[in-house]
Amino acid sequence: MTTPSILKEMGSRLKEYRLRKGLMQSELAESADVGVGTIAKMERGGAVSVQILLSVLRSLGMLENVEQLLPEPPISPLLLRKLQGGKIQRIKRSNAK
């Protein structure tokens with residue numbers, strides 16, 4: 001998907017969540033401390049800052065969904081071994097042919 005199509009889909013979904021909560025754009029805007037025009041822009045697929053997106057998600061009770069967008073990376077096996085106090089060993093290549 002292109003970036004504009006992703007933004008448009010996100011805007012459509014945000015609008016659906018707002019409507020399901022029975023909120024008008026002005027109510028969501030006030031709750032998120034943004035302008036009504038910003039909410040309308042988002043719902044049309046316009047780009048906004050991450051800060052504004054987080055504020056709107058918080059107002060919709062959806063902030064926990066950000067974890068799915070950018071999950072914490074797993075610990076690498078080498079770092080895990082180091083944290084456990086184990087010695088990291090290199091594998092030696094054999095010269096035999």
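In this short talk I will go through the helices, the nonpolar core, the salt bridges and one surface patch of the structure above.

Please keep in mind that this is a predicted model, in which local features need pLDDT of at least 70 and side-chain atom pairs count only at pLDDT 80 or more, while totals for chains, interfaces and linings use all residues. Residues are numbered from 1 along each chain as its sequence is written, and side-chain values use heavy atoms, with hydrogens and water left out.

Let me begin with helix α3, which spans residues 36–43; helices here are DSSP runs of H or I with at least four residues, strands are runs of E with at least two, and both are numbered from the N terminus. In α3, the residues Ile39, Ala40, Met42 and Glu43 are buried, where buried means under 20% relative accessible area, exposed means over 50%, and partly exposed lies in between, with a 1.4 Å probe and protein chains only. Seen down the axis of α3, these buried residues fall within an arc of 160°, so they line one face of the helix; the arc is that of the directions from the helix axis to the C-beta atoms. They pack against α1 (3–20), α2 (25–32) and α4 (50–59), and contact here means heavy atoms within 4.5 Å. After α3 comes Gly45, with a positive phi near 95°.

What makes up the largest nonpolar core? It has 11 residues in all, among them Leu14, Leu28, Ile39, Met42, Val56, Leu57 and Met62, and a nonpolar core is a set of buried Ala, Val, Leu, Ile, Met, Phe, Trp, Tyr and Cys residues joined through side-chain atoms within 4.5 Å. The elements giving two or more residues to this core are α2, α3 and α4, and the largest share, 3 residues, comes from α2. In soluble globular proteins, nonpolar side chains tend to be buried together. Met62, if we leave aside its neighbours within four places in sequence, is in contact with Tyr17 and Leu57.

How many salt bridges does a search of the whole structure find? It finds 3, a salt bridge being a side-chain nitrogen of Lys or Arg within 4 Å of a carboxyl oxygen of Asp or Glu. In one of them Glu9 pairs with Arg13, the closest N and O atoms being 2.9 Å apart, and these two residues are 4 residues apart in helix α1, about one helical turn. Glu9 is partly exposed at 34% relative accessibility, whereas Arg13 is exposed at 52%. Glu16 and Arg20 also meet in a salt bridge, at 2.9 Å from N to O.

Glu43 lies in α3 and Arg18 in α1, so the pair ties together parts that are 25 residues apart in sequence. Both Glu43 and Arg18 are buried.

Ile75, Leu79, Leu80 and Leu83 make a nonpolar surface patch of about 370 Å², with areas from the Shrake-Rupley method and a 1.4 Å probe, where for residues only the protein chains shown count as cover. Patches are made of residues with over 30% relative accessible area and no salt bridge, like charges being joined within 9 Å and nonpolar side chains (Val, Leu, Ile, Met, Phe, Trp, Tyr) within 5 Å. Leu79, found in helix α6 (residues 77–83), is partly exposed at 40%.
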